[in-house]
Amino acid sequence: MKTVEKSSSLVLILSLVVLLICMKSCHGHSHVRRVLLNNQTDSYAVIFDAGSRVYVFRFSHNLDLLPIDNSLQVYDKIKPELSAYANDPKAAAKSSEPLLLKAESVVPIKLQPDTPVELGVALNYLLRTLGKGYKNTAATIDLGGGSVQMAFALSKENAEKAPLNIDGEKYILQKSLMGANYYLYVHSYLNYGLLAARAEILKISRNSTSSCILKGTNGYYTYGGVAYKASPTPKGSSFRKCRRIVRKALKLNEPCKYQNCTFHGVWNGGGVDGFKTLYISSFFFEMAYWVDIVDPKASSGKAKPIQYLSAAKIACKLKAKEVKSMFPNVDSKDLPYLCMDMLYQFTLLVDGFGLDPYREITLVHDVNYKNNRVEAAWPLGCAIDVVSSSFSRSRISSS
């Protein structure tokens, strides 16, 4: 198969790759494009994530996931990510060609001319709660690298009382999903993802030693193209001092112009602690596995926020070698930050989102769906959103 110039539709997509920084969809995620390709029997949704990853999903006319070959999703990624080509748009476009070709290889040829190619939605879809009343749905908190996202459904009455955020935008989205109307509180806290938070925490040390870095390590932490000194104090990491730094980085004392806020002055939408079912994911799950809170072979597990604090108390008082011996699953590149990371996750859940330290929550990586373990990730939710919206429009136009 030749390069993308072979297909005019893919040329269009490739052009959009260069412009992806200017485009927003799926509640704050940057994509090249979200597209539904359908015929009378099934539909394909192709999702590009920041030009560096591609996901392809196939749905029946009843919005059931269907296999593509032997999997319920097709996924591919490229390295380095598109951000590495910030100053070279042509190279950025060229780097994305393998992803376009991957999507082209699984979408039926007869649909390709039409191929102009959110954790809460994905998780509730896999749990079979979409299409039911909002009280039956689960609330979600997803800790990514650059941001942390909270999403849950609420009543129409409470949605109508919702304020606008500081940018004048709505906190509440109205969506039609699986034949039901929902009012969704969705907020993405940019720069509060785990990897971004490390940088924010190290900034407070003003390029000096940090009480959040394990003794026995020394170096720099790079995020967003900026290197931050990541060296311990002579006494090593300190649970008490690091906890204070983490709380400061989270901006818990930021002015709140609403009745209730989470952190950084953000309206909490009524909060998630009252939800009967709460799922947390991504780094919450991965790091829980590192410190033996959950079984890495399981698709999900029950835990309490206090367990992150307990892990932090252990990590913060030990040297790096001792921590590695205690928690061998921790990757070496992440080892210096374990005291910080565990404290951040506890502080985020309890002080930031207002969870009871002892309430039971579900940490999830994937969900068993029709005897397949499907990752509960936002690209699937994005695809469901695209398909549901298209089906809704189709019903309206045919009525």
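How many bridges join strand β6 to strand β12, and in which direction do the two strands run? There are five, between residues 139-143 of β6 and residues 278-282 of β12, and the strands run parallel. Within this pair, D142 stands opposite S281 in β12. Before going further, a word on the model: it is predicted, local features need pLDDT of at least 70, side-chain atom pairs count only at pLDDT 80 or more, and totals for chains, interfaces and linings use all residues. Residues are numbered from 1 along each chain as its sequence is written, and side-chain values use heavy atoms, leaving out hydrogens and water. The names of helices (H or I, at least four residues) and strands (E, at least two) come from DSSP runs, numbered from the N terminus.

Let us start with the sheet. Strands of a sheet pair through backbone hydrogen bonds, either parallel or antiparallel. Here, two strands pair if DSSP finds at least two bridges between them. The strands β6 and β12 belong to an open sheet of seven strands, in the order β8-β9-β7-β6-β12-β14-β13, with mixed pairing. At its edges lie β8 (172-177) and β13 (300-303), each of which pairs on one side only. From one strand to the next, the twist averages 25°.

Helix α11 packs on this sheet, where it touches β6, β7 (147-154), β12 and β14 (361-364); contact means heavy atoms within 4.5 Å. The direction of α11 makes about 150° with that of β6. Such angles run from 0 to 180 degrees between N-to-C directions, and axes are lines fitted to C-alpha atoms, for helices over the stretch in contact.

Now follow α11 to its helix partners. Two packed helices are described by the angle between their axes and the distance between the axes. Helix α7 (residues 239-249) packs against α11 (residues 338-352) at an angle of about 55°, with the axes 9 Å apart. The two are therefore oblique to each other: angles under 35 degrees count as roughly parallel, over 145 as roughly antiparallel, 65 to 115 as roughly perpendicular and the rest as oblique. From α7, the residues F239, C242, R243, V246 and R247 meet C339, M340, L343, Y344, F346, T347 and D351 of α11. This contact divides into eight nonpolar, one polar and three charged residues.

How much of α8 is buried? Six of its eight residues are, so the helix is largely enclosed by the rest of the structure. Buried means under 20% relative accessible area, exposed over 50%, and partly exposed in between (1.4 Å probe, protein chains only). The buried residues are F283, F284, F285, M287, A288 and W290. After α8 comes D292, whose phi is positive, near 65°.

Two further places are worth a visit. Strands β15 (residues 366-369) and β16 (residues 372-375) pair in the antiparallel sense over four bridges, and D366 stands opposite E375 in β16. Their hairpin has two residues between the strands, and K370 takes a positive phi near 50° there. Finally, P108 is found in the loop between α3 (97-106) and α4 (119-126). With a relative accessible area of 24%, P108 is partly exposed. P108 and Y44 are 64 residues apart in sequence and 9.1 Å apart in space, C-alpha to C-alpha.

Technical notes. Nonpolar A, V, L, I, M, F, W, Y, C, P; charged D, E, K, R; others polar.
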